[in-house]
Structure formats: structure tokens, C-alpha cells
Amino acid sequence: MGLWKRIGNMFSKPEAPAAPKSMLDLSPGDICEVSLVTYEVTGRTKTSGRNAAVLTLRDGSQISYLYIEEREQLQYRLYHPIDGRLDSPSEVPATLELDDCTFYLEEEYEGYAAVTGQTPYMNGGEQHVWQYQSDDSRLLRVEWQNGRFMLYEGETVIPADVRVIRAS
């Protein structure tokens, strides 16, 4: 290294450190913690027109789904797949009865799904989503894409219980 290069390096500004990834930016291969359980992110689904993502999380053989949405602040919902069947997306009701619990439609939306990694759906295509809540704050999520329904039961997770452990 030449003398002028050394002098130049003394006066140059150091590179700014990269901003840490938020939970909304995680992708397959990253590691996160939700409610004291460590998960590997194995997939990610982002629906167009929404500042939200669904992460497919794996803890050993257990698969969970973390719905993250940024509104005034980040909101988290942790879901687990359940068995169930609906016949047609046009017949999804505003009220669903499941295990003696009544769920009420909270939100319905659709958009183009961009998928990376391992998820219940293939990349591309319109995705329809119905989100329900019961009177005792239990959550239910119904997704439809390419003729296939997926049902999930879940709970709200407070932001303090969610953190990034390792992001690539």
C-alpha cells in the first residue's frame, strides 16, 4: 500500500453499518424467536398491495406461520395449520363455527402472492384471505389460492415477544 493511499484512508469516512433487518424483511434461511421459541424461516409470502408478509417457520418438525403487518406499528399473529374444508371461495361465510367457538369476519382481502422458499402455495397467482376473530380473541385465518384452501388457528403475539436472531 502506497503512502498516499494510507494518508487517504486516514481521512476517509468509514462505511456506514448496514441497517438491521426487521421481522418484515426476513427471508428463508434467517432465524427468529417468537414467544421464546427459536424458528428457522423456511418460506415467505407477500401479498401485493399490503405492507405485510407471512413467514413459514420451522422448529424441528413443527411448522408455524407468522403473519406480520406494519400499520402504525408492527403487528404479529402466530398461526398453526388446522384441518378443515370449504367448498368455494364465493361461499366463505362472515361467521364460522369451529370447536364450539364462533369466529367473526374481521378482514377480507385479495392480491397477487409473491412466494419464496417453502410455503403452502406455489409462486404467483391471486390469493384470497379471510381473517376472523372470536369474542375470546382467538384467531382464524382462511386462505385460498389456485383452488386450494388452507385454514389456520392462531393468537396475537406482542412485539416484545418477537426478535430477529440471525439475518442473512
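Buried here means under 20% relative accessible area. Keep that handy for the exercises below, and remember that this is a predicted model.

**Exercise 1.** Work out which way the side chains of strand E1 (residues 31-34) point, and which strands E1 pairs with.

*Solution.* 
- Next, the neighbours. E1 runs antiparallel to strand E2 (residues 37-47), and four bridges join them. Val-34 sits opposite Val-37 of E2.
- Check the turn of this hairpin: two residues lie between the strands, and Ser-35 takes a positive phi near 50 degrees.
- Then go to strand E11 (residues 162-166), which pairs with E1 in the antiparallel sense over four bridges. Ile-31 has Arg-166 of E11 as its bridge partner.

**Exercise 2.** Find the aromatic pairs and classify the one formed by Tyr-65 and Tyr-152.

*Solution.* 
- Searching the whole structure turns up three aromatic pairs.
- For Tyr-65 and Tyr-152, the ring centres are 5.0 Å apart and the planes are at 65 degrees; planes over 60 count as edge-to-face, so that's what this pair is.
- Tyr-65 belongs to strand E4 (residues 62-70) and Tyr-152 to strand E10 (residues 148-157), so the pair ties together parts 87 residues apart in sequence.
- Apply the opening cut-off: both Tyr-65 and Tyr-152 are buried.

Terms used: Residues are numbered from 1 along each chain as its sequence is written. This is a predicted model: local features need pLDDT of at least 70, side-chain atom pairs count only at pLDDT 80 or more; totals for chains, interfaces and linings use all residues. Side-chain values use heavy atoms; hydrogens and water are left out. Buried means under 20% relative accessible area, exposed over 50%, partly exposed in between (1.4 Å probe, protein chains only). Two strands pair if DSSP finds at least two bridges between them. Rings of Phe, Tyr and Trp (its six-membered ring) pair if their centres lie within 6.5 Å; planes under 30 degrees apart count as stacked, over 60 as edge-to-face and the rest as tilted.
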